[in-house]
Amino acid sequence: MTTSVPGELVAALQRARHVVALTGSGISAESGVPTFRDAQTGLWAKFSPEELATPEAFARDPAFVWSWYAWRRELVERAQPNPGHFALAELTSLVRRFTLVTQNVDGLHQRAGSRDVIEFHGNILRDRCSGGCSQPRRISDPRLRIGPLRRCGCGALLRPDVVWFGEMIPPAALEAASDATRDCDVFLSIGTSSMVYPAAGFAEEARGSGATLVEVNPAVTPVSGSADFVLRDPAGVALPRLLTALRG
Ligand code: BV8
């Protein structure tokens with residue numbers, strides 16, 4: 001049974017000065033990108049976050065961590081944006097002001113046409129120098145390649161340009177996302193289990209600032225209880241339906 005779009009939600013979006021969407025891996029599930037916590041297919045089902053997505057794991061066994069990211073990178077490069085991504089790209093033109101904050105590292109929002117995406121946890125398709133160089137100077141010397149491992153010109157290993165557990169969120173992304181969350185009139189929490197902080201705190205923060213809170217997720221999450229509207233459907237179904245109602 002798919003959820004119809006309540007008229008009051010459409011009205012809230014039409015009168016909103018500023019709409020914010022926070023997306024999680026659920027919006028990319030219909031593109032074939034595994035989520036993190038779905039038991040049967042989640043990435044974490046086989047590994048725990050601590051084993052892979054931490055600086056300690058990378059320091060302990062960089063080749064193991066890189067091999068996992070190389071596998072995910074290939075998968076993401078093969079994936080295509082789905083109707084949920086395209087709907088959010090179009091939403092920009094249907095509301096007064098729209099800010100998209102994504103926890104996802106797959107770049108699918110940008111490939112669907114969204115601009116100025118706040119990549120709260122970085123981007124798996126970019127490398128970063130683990131020594132801190134602002135611009136990693138890739139060296140093509142094949143002798144320096146040990147399996148998936150590559151080095152920056154400074155000699156330090158390259159790493160995926162993502163935020164690992166225990167690492168700070170990039171300050172510019174944190175500030176932009178926090179400002180938008182406090183300013184918005186409607187906050188859409190889409191495809192996230194709302195378990196990873198500080199992103200998981202945004203929904204309550206928006207609500208506390210007077211925003212209408214909307215959840216788009218086939219499953220119940222810690223946000224569900226305080227949401228003003230819940231669309232209990234996959235994002236690829238709920239968001240196009242929301243856009244159709246908004247276009248009128
Ligand atoms: C930090 C990049 C300072 C790497 C990721 C309180 C405050 C601050 C920090 C913490 C805190 N408490 C604990 C912490 C530490 C930690 C944390 O939150 N731990 C958790 C496990 C409790 N946070 C941090 O370390 C952050 N750093 O705050 O620095 C600090 C540090 C330490 C201590 C204090 C302060 C950095 C966190 C960033 C981690 N990096 N990704 C990589 O990708 O490898 S997180 C990773 O999980 C993803 O990026 C994603 O953002 C995140 C959450 O996952 P979801 O996207 O929600 O995916 P999930 O599978 O969980 O859920 C999918 C949902 O989709 C489900 O609800 C499902 O029902 C739904 N769904 C499925 N299909 C669909 C769908 N929905 C719609 N449509 C569908 N078709």
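Is His18 buried or exposed? Select His18 to find out. This is a predicted model, and in it His18 has a relative accessibility of 1%. Buried means under 20% relative accessible area, so His18 counts as buried.

**Stop 1: around His18**

Keep His18 selected and look at the chain on either side. His18 belongs to the loop that joins helix H1 (7-15) to strand S1 (19-23).

The side chains of His18 and Arg97 make a polar contact at 3.4 Å. Then show the other residues that His18 touches. Leaving aside residues up to four places away in sequence, His18 is in touch with Arg97, Phe98 and Thr99, and also with Ala180, Asp183, Cys184, Asp185 and Val186.

**Stop 2: the whole protein**

Clear the selection and switch to a cartoon view. The protein has eleven helices and eight strands. Of its 248 residues, 52% count as buried.

Now consider which parts of the chain meet. Take the contacts in the protein with a separation of 6 or more: residues 24 or more positions apart account for 67% of them.

**Stop 3: the ligand and its pocket**

Select the ligand. Where does the ligand sit? Its place is the largest pocket.

How many residues surround the ligand? There are 35, and the closest are Ser25, Arg37, Tyr69, Glu167 and Ser193. Select those five by name to see them against the ligand.

Helix H2 (26-29) and helix H6 (62-78) each supply at least two residues of the shell around the ligand. H6 gives the most to this shell, with three residues.

**Stop 4: polar atoms at the ligand**

- Glu30: an N or O atom of the Glu30 side chain is 2.8 Å from a nitrogen atom of the ligand.
- Gly166: here the backbone is involved, with an N or O atom 2.7 Å from an oxygen atom of the ligand.
- Thr192: a polar atom of the Thr192 side chain lies 2.8 Å from an oxygen atom of the ligand.

Finally, show the surface of the protein together with the ligand. On its own, the ligand has 1400 Å² of accessible area, and the protein covers 78% of it.

Terms used:
Residues numbered from 1 in each chain as written. Predicted model: local features only at pLDDT ≥ 70, side-chain atom pairs only at ≥ 80, totals over all residues. Heavy atoms only, no water. Helix = DSSP H or I, 4+ residues; strand = E, 2+ residues; numbered from the N terminus. Buried < 20%, exposed > 50% of the residue type's maximum accessible area, 1.4 Å probe, protein only. Contact = heavy atoms within 4.5 Å. Near = heavy atom within 4 Å. Polar contact = N/O pair within 3.5 Å; in protein donor to acceptor, adjacent residues only side chain to side chain. Areas by Shrake-Rupley, 256 points an atom, 1.4 Å probe, with all protein chains shown as cover. 1 Å grid on protein atoms, 1.4 Å probe; cavity = no way out; pocket = protein on both sides within 12 Å on 5 of 7 lines; lining within 4 Å. Sits in = over half its atoms within 2 Å of the grid points.
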